Amino acid sequence: MITRETLPIYLQRLWRNAMVRWWIIGIIAMVFNVVLLDWFKVSLGMTLTWASVLSAEVITIIRYGAIDLWVFGNPSLSWQRCWEYHVANFSGFFLWSLIIVILGNKLGWDHKIAAIVATMITVFWSMATNFLWVWRKPKKKA
């Protein structure tokens with residue numbers, strides 16, 4: 001049986017890396033968001049607008065808990081970090097939307113290419129806000 005202890009050292013180090021765990025949570029959350037969105041829209045008959053808002057919020061709350069506890073190893077959840085995570089997510093959504101509008105509407109790019117570029121930029125924005133703001137390491141006192 002494969003356990004964490006029987007994995008090669010480089011895989012153990014990779015598994016302990018916060019950025020790797022952050023990406024794992026993000027990819028899993030993306031898949032579940034699509035499933036939840038479809039369930040809200042098709043099974044419950046919600047409009048696309050309400051289904052997307054509700055699925056995004058449910059996944060954001062679950063993702064916050066997973067990131068806070070597993071990725072950054074906090075012993076308990078915090079309303080402050082949850083609020084900051086929501087602000088960071090909203091700022092990423094705003095940036096993503098702004099980039100699509102600028103590239104698609106103002107510069108005439110194809111909307112799919114604009115969405116891909118916007119996603120690439122906002123993933124880095126999300127990493128920056130998550131690692132440097134929401135879950136920043138406290139400054140050491142002298």
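Is Glu-84 buried or exposed, and what is its relative accessible area? Glu-84 is buried, with a relative accessible area of 6%; buried denotes under 20%, exposed over 50% and partly exposed the range in between, for a 1.4 Å probe and protein chains only.

The legends below describe a predicted model, in which local features need pLDDT of at least 70, side-chain atom pairs count only at pLDDT 80 or more, and totals for chains, interfaces and linings use all residues. Residues are numbered from 1 along each chain as its sequence is written, and side-chain values use heavy atoms, with hydrogens and water left out.

**View 1. Salt bridges of the structure.** The structure holds three salt bridges, each defined by a side-chain nitrogen of Lys or Arg within 4 Å of a carboxyl oxygen of Asp or Glu. Arg-81 and Asp-68 are joined at 2.6 Å, N to O. Arg-81 lies in helix α4 and Asp-68 in helix α3, so this pair ties together parts that are 13 residues apart in sequence. Helices are DSSP runs (H or I, at least four residues), numbered from the N terminus. Both Arg-81 and Asp-68 are buried. In a further bridge, the closest N and O atoms of Arg-136 and Glu-84 are 3.7 Å apart. Arg-136 lies in the segment after α5 and Glu-84 in helix α4, so the pair ties together parts that are 52 residues apart in sequence. Arg-136 is partly exposed, with a relative accessible area of 44%. Lys-112 and Asp-110 also meet through their side chains (3.9 Å, N to O).

View 2. Asn-130 is found in helix α5 and is buried, with a relative accessible area of 1%. Leaving aside neighbours within four places in sequence, its contacts (heavy atoms within 4.5 Å) include Trp-22, Ile-67, Tyr-85 and Arg-136.

**View 3. Buried residues of helix α3.** Helix α3 spans residues 48-71, and its buried residues include Ala-51, Ile-59, Tyr-64, Asp-68 and Val-71. The cover over the buried residues of α3 includes α2 (18-43), α4 and α5. Gly-73, which follows α3, has a positive phi, near 65°.

**View 4. The nonpolar surface patch.** Phe-90, Phe-93, Leu-98, Trp-109 and Met-120 are among the residues making a nonpolar surface patch of about 1000 Å². Patch residues have over 30% relative accessible area and no salt bridge, with nonpolar side chains (Val, Leu, Ile, Met, Phe, Trp, Tyr) joined within 5 Å and like charges within 9 Å; accessible areas come from the Shrake-Rupley method with a 1.4 Å probe, and for residues only the protein chains shown count as cover. Helix α4 gives the most to the patch, with five residues.

Conventions:
Helix = DSSP H or I, 4+ residues; strand = E, 2+ residues; numbered from the N terminus.
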